[in-house]
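Please look through the sequence and the model shown below before reading on.

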Amino acid sequence: MSPYKVYILQYAHRKLTSSEVFLGDTNQNPMEMAYFVWALRNDEHTVVVDMGFTAATAAARKRKMLWEIGAQLDKVEIDAAQVQHVIVTHMHYDHVGQYALFPRATYYLRDEEMAFWTGRHATAAPFRRSLEPEDVVALVRANYAGRVRFTKLHDEIVPGVTVHRVGGHTPGMQIVEVKTASGTAVLASDASHYYRNMDEGIPFIALNNIPEMLDGYDTIRRLASSPRLILPGHDPEVLKRYPQLHEGVCVME
Ligand SMILES: [Zn+2]
């Protein structure tokens with residue numbers, strides 16, 4: 001198995017304050033949130049991790065769309081229409097909206113995630129605001145079309161790419177372990193939005209289970225060969241830590 005390169009593809013951003021990010025923070029310090037999708041590629045396989053939101057959702061939620069996601073994938077020579085494997089770390093609007101870009105893909109997600117967002121608590125205000133109902137419907141349709149694979153607790157998607165359920169942020173939150181030339185990397189996605197969540201043990205404000213969130217930070221650290229090989233889900237700092245290939249596109253290898 002050849003090592004994977006991890007492409008970090010930004011597509012949007014938003015200004016907000018620290019009180020909208022860190023549980024218990026009342027300081028309202030100005031911050032930025034970056035929105036990413038990721039692509040993993042070696043000589044044999046291409047795996048996309050999460051899909052991002054649509055331009056319509058960006059407008060409705062006042063997020064600034066910086067680049068089209070298909071165009072970001074094009075920059076690293078990935079044709080979204082041909083992608084066969086899409087890992088869904090969780091079903092929040094900023095991770096699943098662009099399902100239409102990937103007509104050939106199988107979506108890999110957790111049973112708990114689908115069950116939760118089609119179940120009794122999904123419409124409660126603290127949860128509801130992080131979802132677009134049409135995205136949930138699209139994944140239900142994909143399931144009936146045979147295009148969803150429900151992942152196991154620790155599940156190899158293709159050789160060298162394994163998902164692990166951590167929960168915490170959402171019931172079926174899963175992180176991605178990937179073998180690179182530098183060692184084992186971990187795409188934490190929203191198991192740690194920012195480096196600070198994980199480094200200081202302060203959860204993001206939107207969450208399902210605090211103990212699972214804290215245990216998730218340990219799991220991320222345990223799996224990764226070094227701190228340099230951990231990618232948080234929304235931290236703009238990521239863009240400074242890895243070489244830039246194109247505008248909004250960095251690579252970890
Ligand atoms: Zn997110």
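## The zinc site

Donors are N, O and S atoms within 2.8 Å of the metal (3.2 Å for Na, K and Ca), and since water is not among the atoms, sites may look incomplete. The model is predicted, so that local features need pLDDT of at least 70 and side-chain atom pairs count only at pLDDT 80 or more, while totals for chains, interfaces and linings use all residues. Residues are numbered from 1 along each chain as its sequence is written, and side-chain values use heavy atoms, with hydrogens and water left out.

The zinc ion is coordinated by D94 through OD, H95 through NE2, D190 through OD and H234 through NE2, at 2.0 to 2.2 Å. The angles among its 4 donor atoms run from 89 to 168°, and the site is irregular. Four donors count as tetrahedral if all angles lie between 85 and 135 degrees; four count as square planar and six as octahedral if opposite donors are over 155 degrees apart and all others between 65 and 115; anything else is irregular. Along the sequence, the donor residues follow the spacing D-H-x94-D-x43-H. The pair of H95, in helix α3 (residues 93-96), and H234, in the loop between β12 (230-232) and α9 (238-241), links distant parts of the chain, 139 residues apart. Helices (H or I, at least four residues) and strands (E, at least two) are DSSP runs, numbered from the N terminus. H95 is buried at a relative accessible area of 1%, and H234 is buried too, at 2%; buried means under 20% relative accessible area, exposed over 50%, and partly exposed in between (1.4 Å probe, protein chains only).

## Strand β14 and its partners

Two strands pair if DSSP finds at least two bridges between them. Strand β1 (residues 5-17) runs antiparallel to β14 and is joined to it by 4 bridges, with L9 standing opposite V249. Strand β13 (residues 244-246) also pairs with β14 in the antiparallel sense, over 2 bridges, and Q244 has C250 as its bridge partner. The hairpin of β13 and β14 has 2 residues between the strands, and G248 takes a positive phi near 75° there.

In a regular strand the side chains alternate between the two faces of the sheet. In β14 (residues 249-252), V249 and V251 point one way and C250 and M252 the other way, and all of them are buried.

## A mixed sheet

An open sheet is formed by 5 strands in the order β8-β9-β10-β11-β12, with mixed pairing. Its edge strands, β8 (154-158) and β12, each pair on one side only. Within this sheet, β9 (residues 161-165) and β10 (residues 174-180) run antiparallel and are joined by 5 bridges, and V163 stands opposite V176 in β10.

## The nonpolar cores

A nonpolar core is a set of buried Ala, Val, Leu, Ile, Met, Phe, Trp, Tyr and Cys residues joined through side-chain atoms within 4.5 Å. The largest has 47 residues, and those with the most contacts inside it are L73, M91, F102 and Y107. Among the elements that give two or more residues to this core are β1, α2 (69-75), α6 (133-144) and β14. Another core, of 26 residues, lies apart from it and includes F36, V47, V161 and V163.

Leaving aside neighbours within four places in sequence, the residues in contact (heavy atoms within 4.5 Å) with Y107 include M51, V86, F102 and L139.
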